[in-house]
Amino acid sequence: MTTSIGVVLTEHIVSGRLTGSLGQQKLEGELLRYPSDPSETEALIGVPAGEVYDLLASEITPLIAASTEPVAAVGVAVPGIVRNGVVEDSPNLQQIKGVRLAEALGEVLHSQGISTPVYVLNDADAVAAGLAASGGHLDRLIRVWTLGNGIGFGRWPYADGVWEGGHTVVSLDPKERFCGCGGLGHLEGIMGNRAMRLRFLDMEPEEIFLSAKQGDARCREFVDLWHRALAAATASAIHIGGPGKFYYTGLNVGFLELPVVRGYLEAMVKMSPLQNYSLEVLKEDDAISILGAGVAALRAQSW
Ligand SMILES: [Zn+2]
């Protein structure tokens, strides 16, 4: 038996304790959540990094204290480019950009008498790891698109690289300039919430998709573009990394019409060895990311 803690830091913090052998980790007990009200989505905006470490520690310490087994690892999933415990960039959680999160959180925990190693990974990679772990397929390549404020691209198993699939260039139109990173023609500049608000100014993403259903021509045209962009980025991922299993999840996955993406994708991927791909929609589920964060943290120790 091995025990680990998985934590996900996005617009909220959720955490849980996992037990079982490495290939069979399962959530044990309740998930902890900050803020406890799920409708509160801006609680972490502008919170300084030092306070974020304290908030994370306050979620982790009770889980460790309540564990009957020693805890082998803590995995923390965050949005952005994460390498070697450092958050190199995080456009949607600016205050943690550049911080040595694994080291800083480790120090806060250490000051409270906890010496469990901390591993930090990208939040979309945690979803991919969680899907691999929950299906018992830690040996299989899994890729995940997370559709939300930003667009995340996760993969399991971990492979060194940047993997910022959300910033895949899907348009050569110079007017496509709404990506949070400032780059032209990016997937997130079409699909992300911030980008949709900048494009429509007076409409929320929900209203855009509703108006499209009701026949508004401009919204309908955009919803087509939204799906075509996702198909284009998926086609690029297939042409670079090969076919296989792709999942779509995240806050905005309810907007997704999978047959529409599939239709565009069929027109974009024509080489027969690459057509052996499958697409699946998953409802957003914190428990999958927590599982993935814990499993990835354990796996990182065995390297
Ligand atoms: Zn971008």
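## Terms and model

Ala, Val, Leu, Ile, Met, Phe, Trp, Tyr, Cys and Pro are counted here as nonpolar, Asp, Glu, Lys and Arg as charged, and the others, Gly among them, as polar. This is a predicted model, in which local features need pLDDT of at least 70 and side-chain atom pairs count only at pLDDT 80 or more, while totals for chains, interfaces and linings use all residues. Residues are numbered from 1 along each chain as its sequence is written, and side-chain values use heavy atoms, with hydrogens and water left out.

## Zinc site

The zinc ion has as protein donors His 167 (ND1), Cys 179 (SG), Cys 181 (SG) and His 186 (ND1), at 1.9 to 2.3 Å (donors are N, O and S atoms within 2.8 Å of the metal, or 3.2 Å for Na, K and Ca). Angles of 100 to 120° among the 4 donor atoms make the site tetrahedral; for four donors that term requires all angles to lie between 85 and 135 degrees. Along the chain the spacing of the donors is H-x11-C-x1-C-x4-H. His 167 and Cys 181, 14 residues apart, are both in the loop between β9 and α4 (188-191).

His 167 is buried, with a relative accessible area of 15%, whereas Cys 181 is partly exposed at 42%. Buried means under 20% relative accessible area, exposed over 50%, and partly exposed in between, using a 1.4 Å probe and protein chains only.

## Second largest pocket

The second largest pocket has a volume of about 240 Å³. Of its 13 lining residues, Phe 153, Trp 163, Ser 236, Ala 237 and Ile 240 are the closest to the centre. A pocket is an open set of points on a 1 Å grid over the protein atoms alone, with protein on both sides within 12 Å along at least five of seven lines; a cavity is a set where a 1.4 Å probe fits but cannot get out, and lining residues have an atom within 4 Å of a point.

The lining comprises 7 nonpolar, 4 polar and 2 charged residues. Helices (H or I, at least four residues) and strands (E, at least two) are DSSP runs numbered from the N terminus.

## Cavities

The whole structure holds 2 cavities of 30 Å³ or more.

Definitions and conventions. Grid points are joined across faces, edges and corners, and a volume is the space filled by probe spheres set on the points. Four donors count as tetrahedral if all angles lie between 85 and 135 degrees; four count as square planar and six as octahedral if opposite donors are over 155 degrees apart and all others between 65 and 115; anything else is irregular.
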